Amino acid sequence: MDFSFSLEKIIKVVKRFFLLIIVFAVAFYALGYYITLKKTNVSYYSYTDLYIHTTSSSVEDYVKYMDSEARYVDTYLLTIDTYKFYEELRQQLPEKWRDKVSAGYLKGAVSPSIREESAIVRFSVYTNDPDLSKTIATTLSLYMDDYLFNNFRVNSVQVVESPRPPIPSVTQNRYFSIILAVVGILAGFSIGYIKEINDIRIRTVADIERYKIPVLGVVPAFSSSPVKKGKKYAYGGYDTYSNASAKLEAADKKNKK
């Protein structure tokens with residue numbers, strides 16, 4: 001068996017097994033699309049924006065100290081991103097949710113981020129229940145003032161954006177079907193390639209020359225079905241061969257003269 005790769009062999013396999021490759025690609029793409037639909041998750045997104053007044057206490061002050069206050073926010077986020085904080089936050093939730101969620105769940109559901117290098121922090125909340133998303137965002141907006149005052153003695157936490165009504169957010173892998181389609185193409189090509197190297201039939205002169213056997217001649221393929229040309233019938237392969245031979249003979253005779 002010849003396991004070597006060449007552009008000629010690849011083109012040959014693709015041409016011969018093109019339909020098989022397409023069938024595998026379509027089948028794998030359909031499988032990927034089905035799996036994607038089954039694994040599509042709908043979560044509910046809510047958020048609240050809070051301005052943390054570290055040193056200011058009035059509108060005039062926080063305009064004056066805006067840059068300096070922004071530098072403190074990174075420190076606050078480091079303490080917020082801990083299980084200790086989320087366990088304290090869980091205790092602030094209504095009793096309906098308190099025993100249903102854990103500190104780890106809240107840590108995964110809440111994503112704090114600083115808005116444009118300012119002292120404004122956006123708390124984004126993703127859960128699979130719209131009421132829970134809104135409840136967590138509301139609890140955060142109410143609890144952060146006490147938490148930051150008790151731990152950092154900040155002046156106040158101003159709610160810039162009230163907790164937003166939750167909206168559905170669909171998460172799915174858009175490229176999964178395409179990846180599986182590529183896998184299908186490779187699988188179809190691999191099957192075709194294996195069939196090709198296991199095929200010991202001799203169909204071309206190259207197949208004979210591969211075994212270093214001299215080729216004495218080639219018999220053309222003749223068509224056994226007559227084809228009507230005008231008022232006469234001719235046999236496709238034989239007719240083409242005889243016409244070509246006649247032209248070569250005529251050219252030889254002309255050259256000898």
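Student: Is Lys107 buried, exposed or partly exposed?
Tutor: Lys107 counts as partly exposed, at 24% relative accessibility. Buried means under 20% relative accessible area, exposed over 50%, and partly exposed in between, with a 1.4 Å probe and protein chains only. This is a predicted model: local features need pLDDT of at least 70, side-chain atom pairs count only at pLDDT 80 or more, and totals for chains, interfaces and linings use all residues. Residues are numbered from 1 along each chain as its sequence is written, and side-chain values use heavy atoms, leaving out hydrogens and water.

Student: What does Lys107 pair with?
Tutor: Asp81, in a salt bridge whose closest N and O atoms are 3.4 Å apart. The rule is a side-chain nitrogen of Lys or Arg within 4 Å of a carboxyl oxygen of Asp or Glu. Asp81 sits in the loop between α4 (66-80) and α5 (83-92) and Lys107 in helix α7 (residues 103-109), so the pair ties together parts 26 residues apart in sequence. Helices are DSSP runs (H or I, at least four residues), as are strands (E, at least two), numbered from the N terminus.

Student: And Asp81, what is its accessibility?
Tutor: Asp81 is partly exposed, at 41%.

Student: New topic. Which residue does Arg122 bridge to?
Tutor: Asp49, with the closest N and O atoms 2.8 Å apart. Arg122 is in strand β3 (residues 120-127) and Asp49 in strand β1 (residues 41-53), so parts 73 residues apart in sequence are tied together. Asp49 is buried, at 0% relative accessibility.

Student: How many salt bridges by this rule?
Tutor: Nine.
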